[in-house]
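Q: Please take a close look at one chain of this complex. Describe how it is built, and then turn to the contact it takes part in.

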Amino acid sequence: MKFVDEYRDPAAARDILRHITQLAEGNHYKFMEVCGGHTHTIYKHGIENVLPETVELVHGPGCPVCVIPMGRVDDAIAVAETPGVIFTSFGDMMRVPGGNGNLLEAKARGADVRMVYSPLDALRIAVANPDKQVVFFAVGFETTAPSTAVTVMKAMQKGVTNFSLFCNHVTIVPPLKAILDSPDLRLNGFLGPGHVSTVIGNRPYRFVPEKYGLPLVTAGFEPLDILQAILMLLRQIDEGRCEVENQYTRAVPEHGNLKALEILNEVFELRPHFEWRGLGFISQSALKLREKYAPWDAELRFSVPGVRVADPKACQCGEVLKGVIKPWECKVFGTACTPETPIGTCMVSSEGACAAYYNYGRFTKHQTVPVELTRSKTPEPV
Amino acid sequence: MCLGIPGQIVEILDPAEHRATADVDGVRREVNVGLVMGDAGGIKVGDWVLIHVGFAMTKIDEEEAASTLDFIKQLGSVYDDEIRDFSAEAPL
């Protein structure tokens with residue numbers, strides 16, 4: 001590891017923390033980290049424990065598996081159980097519970113459900129099985145949606161007609177607006193997501209300062225990145241500025257990946273509305289195939305129930321995704337709901353906030369892990 | 001999935017079809033490089049990229065690649081799942 005040391009330098013961390021403490025003194029600031037990857041860094045390195053009490057971090061909706069509502073999982077199972085269908089999915093999504101079990105259970109009942117790494121693998125399965133209908137369960141933010149778009153364009157170019165898409169791609173900006181419009185939470189700024197921003201760039205976040213008067217700093221995943229981004233937020237507030245800043249210039253180009261954005265726009269259009277787990281229906285927050293690509297739309301090809309299913313009463317993923325409660329405040333966290341037997345999506349995906357807390361042994365507010373800014377093994381859950 | 005995993009391009013298989021081989025922490029697999037070919041300098045053997053679901057999405061430098069790989073390794077199951085999926089053949 002010849003490079004990482006500079007991002008874990010304890011002296012640099014102490015220096016940034018001293019500035020954070022000075023700038024935050026006498027106030028209470030609540031910042032949301034949008035991305036599940038940031039949540040991991042924060043708990044892995046005990047950043048919450050070294051921040052002054054005047055700075056609080058809350059977790060956001062940035063986990064693409066976590067925001068898929070139960071009704072869509074039931075729809076996926078209905079398509080998967082249609083005779084003659086090979087249903088393909090990323091591994092994470094196969095464990096997400098719907099109202100009627102999950103895709104792994106559907107597979108055990110006899111449905112042909114296959115895990116794929118890439119949408120291109122699903123297309124290859126379609127080419128190899130011309131007598132079957134191959135459906136790809138497309139999920140994810142703008143990090144994965146361009147890959148799906150390229151795959152659909154290839155299906156059209158190569159005339160692969162037995163391939164279709166059950167599309168659940170969502171976009172990152174609308175849920176941020178929904179959270180800002182919600183009365184549940186008063187925020188002072190955002191740590192902008194890392195890898196989504198490599199695709200969309202920083203421009204789409206400008207509404208945060210312009211309409212809501214809050215700063216946003218796109219952040220990298222190292223502990224020092226997170227601390228520096230927090231300091232950049234506090235400096236903006238201190239200096240009376242309010243803008244979108246990029247702490248993660250190493251990977252995030254200001255304008256994003258223009259080719260990926262062009263292809264997204266070629267293949268997809270916004271749905272009028274889409275249900276998000278815990279956040280409810282958000283208008284223009286998800287993608288569907290454009291008319292030109294309608295022959296590859298599984299929702300037009302198959303009978304999809306489209307029934308809305310309420311989340312289990314005990315599950316509080318919605319409040320976790322909105323940053324209203326911490327995972328340990330959920331009644332079933334770590335007891336009925338664990339990564340082995342998840343009730344809610346935030347525990348299923350390794351990018352989810354509950355899985356992050358659980359894996360780092362964070363079962364209560366006061367339980368702490370040692371603060372360390374050098375590499376070490378993940379503590380075992382207690 | 002939403003977190004990209006860094007890999008190094010070790011072979012360009014078919015430029016017209018945007019096919020290349022990437023090495024992620026010693027594991028090799030075909031990836032699609034069509035979304036980064038228009039970047040400054042194009043895409044060539046030796047370049048480092050962030051890979052999401054089999055597609056190179058962003059060119060990064062070697063230092064950022066090492067830092068990101070180290071970060072993902074620390075996530076434990078995230079890394080294990082990603083490498084398992086990355087190395088898996090399509091179940092044809």
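A: Helices (H or I, at least four residues) and strands (E, at least two) are DSSP runs, numbered from the N terminus. On that basis chain B has five strands and two helices. Their order from the N terminus is β-β-β-β-β-α-α. This is a predicted model, in which local features need pLDDT of at least 70 and side-chain atom pairs count only at pLDDT 80 or more, while totals for chains, interfaces and linings use all residues. Residues are numbered from 1 along each chain as its sequence is written, and chains are lettered from A and ligands numbered from 1 in the order in which they are written.

Now the overall form. Chain B has a radius of gyration (over C-alpha atoms) of 12 Å, close to the 12 Å from the globule rule (2.2 Å times the number of residues to the power 0.38) for 92 residues, so chain B is as compact as a globular protein of that length. Along the principal axes, its C-alpha atoms fill a box of roughly 35 × 35 × 20 Å. Of the 92 residues in chain B, 47% are buried, meaning that 20 or more other C-beta atoms, placed from the backbone, lie within 10 Å of the residue's own.

Contacts come next. Two residues are in contact if their C-beta atoms, placed from the backbone, lie within 7 Å. Among contacts in chain B between residues at least 6 apart in sequence, 43% join residues at least 24 apart.

Finally, the partner. The contact between the chains takes 35 residues from chain B and 44 residues from chain A. On the side of chain A that touches chain B, H7(A) gives the largest share, six residues.

Terms used:
Buried ≥ 20, exposed ≤ 12 C-beta atoms within 10 Å, placed from the backbone.
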